[in-house]
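I opened this notebook to record what I looked up in one structure.

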Amino acid sequence: MIGSVPQDRVKPPDVPGLCTLLAQCDRDGSAVLVQGADTLRGMGFPPRRADVILAMTGLDRIVAHEAADLTCAVQAGVTLASLAERLAERGQFVPIDAPRRRAATLGGTLAAGWLGPRRHLYGRPRDFVIGSHAVLADGTLAHAGGMVVKNVTGYDMSKLYIGSFGTLAVLAQLNLKTIPQPASARVILAKLPERTRSRTIAAVHALPVVPAVFLCVEGFRKAVDGEDGVDGRIFMLFEGSQALVDRATRDVRSALGKAGVPEATIVDTGARESFDRALDATIANVAERSVTYRSLGTPATAEPRALAMRDLANRHELFTDVLIDPLNGDVFVRVSERDTRAFASRIETFDDAVHEAEPRAVVVAGDAPMRGSLRVWGEEPAALVKMRAIKARFDPHGTLNPGRYVAGI
């Protein structure tokens, strides 16, 4: 049940079935809640209305992999893990990072506009989309792009659907460009002694070999590998040839020593699994007693933003776990309490305060019942009028995910 409205749960086995279903719902005035594996359910407003739950996990085929052309065609319900395993058989991958990748679907990840920590090195997920098949609210199947890396003249409609939270169309198939898979991966972990984090961030920015992932962590015990020092800890992932990874390791050891960090732990076996755990931490909940905020900004402001949000939460008597991405500028702050009632009494006041300080902060995780009353999308964007007009053009009856997106679109 969502509110007091009963729903039918439907899992179309093919694209024609998806088209038929949406056309019928649009004619009947039935609101459709579009779901992948629901791994990012902590994002967005709870659905205002949902008569039909559309489960996309039935569309889970890898349609084609043209390894010689570095392209593939994938149905939207394929999991990120399944896609990675299939492409790895030919030594290729698509760097789309998201939490819980063994369950997370490609379509859901793209529709949510999720941005991973390797984008500074490889590019954003949308940069790898070269074509799409999307079903509009009235059941029309819309094609954009194709299976050639450079084949779009004018605006690529595929990009419009990415990050629209399923409010404009339902992604059915994505055509992607692939790249060669790195031969080696290594994780480097280190405790940060007092007053070393800023120096460490500066040292990493100056490295000749840029890490694929660099995170500064406080808390998230048992979720992100490593143990905190006074200034938390760092998590680094290097990818490339074995020679490149070895060279990067030598450079990192030297740089950390100069920054005042005496020891580092090297993880080769299980490095990619360690990275998965770090991704999972960004949406991990503490029962119904936590909410996780994500703040996007420039790399130069990442650490100050994180510390400001952490201190603000502490003033509201909330516990914090913090993850800083100094290469992309992302900040994740999970606020929690030991007591459910105490958390409920403090979170709304904190939500107002945090958005005064960070207007663009968005909620990415939280099972607390009051999440829907928070400003989960942050401040309304300047383009809101245009966004509403686009929604009205693509979905005039408000069939797809009504109320879930920015400003209740």
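**Entry 1: the second largest cavity.** I began with the elements around this space: α8, β16 and β17 each supply at least two residues of its lining. Helices (H or I, at least four residues) and strands (E, at least two) are DSSP runs, numbered from the N terminus. I noted that a cavity is a set of points, on a 1 Å grid over the protein atoms alone, where a 1.4 Å probe fits but cannot get out, and that lining residues have an atom within 4 Å of a point. The second largest cavity is lined by 14 residues, and Pro117, Leu279, Thr282, Leu323 and Phe332 lie nearest its centre. I read its volume as about 110 Å³, a volume being the space filled by probe spheres set on the points, with grid points joined across faces, edges and corners.

**Entry 2: basis of the values.** The model is predicted, and local features need pLDDT of at least 70, side-chain atom pairs count only at pLDDT 80 or more, and totals for chains, interfaces and linings use all residues. Residues are numbered from 1 along each chain as its sequence is written, and side-chain values use heavy atoms, with hydrogens and water left out.

**Entry 3: the sheet.** I traced eight strands in an open, antiparallel sheet, in the order β14-β11-β13-β12-β16-β17-β15-β18. Two strands pair if DSSP finds at least two bridges between them. From one strand to the next, the twist averages 20 degrees.

I then followed β16 (residues 319–325) and β17 (residues 330–336), which pair in the antiparallel sense over seven bridges. Which residue in β17 is the bridge partner of Val322? I found Val333 there.

**Entry 4: helices on the strands.** Helix α8 (residues 271–281) packs on the sheet and touches β11, β12, β13, β14 and β16; contact means heavy atoms within 4.5 Å. Helix α10 (residues 340–357) lies across β15 and β17, at about 10 degrees to β15. Axes are lines fitted to C-alpha atoms, for helices over the stretch in contact, and angles run from 0 to 180 degrees between N-to-C directions.

**Entry 5: the largest cavity.** I counted three cavities of 30 Å³ or more. The largest holds about 350 Å³ of space. Its lining has 24 residues, and Val34, Gln35, Gly36, Gly108 and Ala111 lie nearest its centre.

Key:
On a 1 Å grid over the protein atoms alone, a cavity is a set of points where a 1.4 Å probe fits but cannot get out, and a pocket is an open set with protein on both sides within 12 Å along at least five of seven lines; lining residues have an atom within 4 Å of a point.
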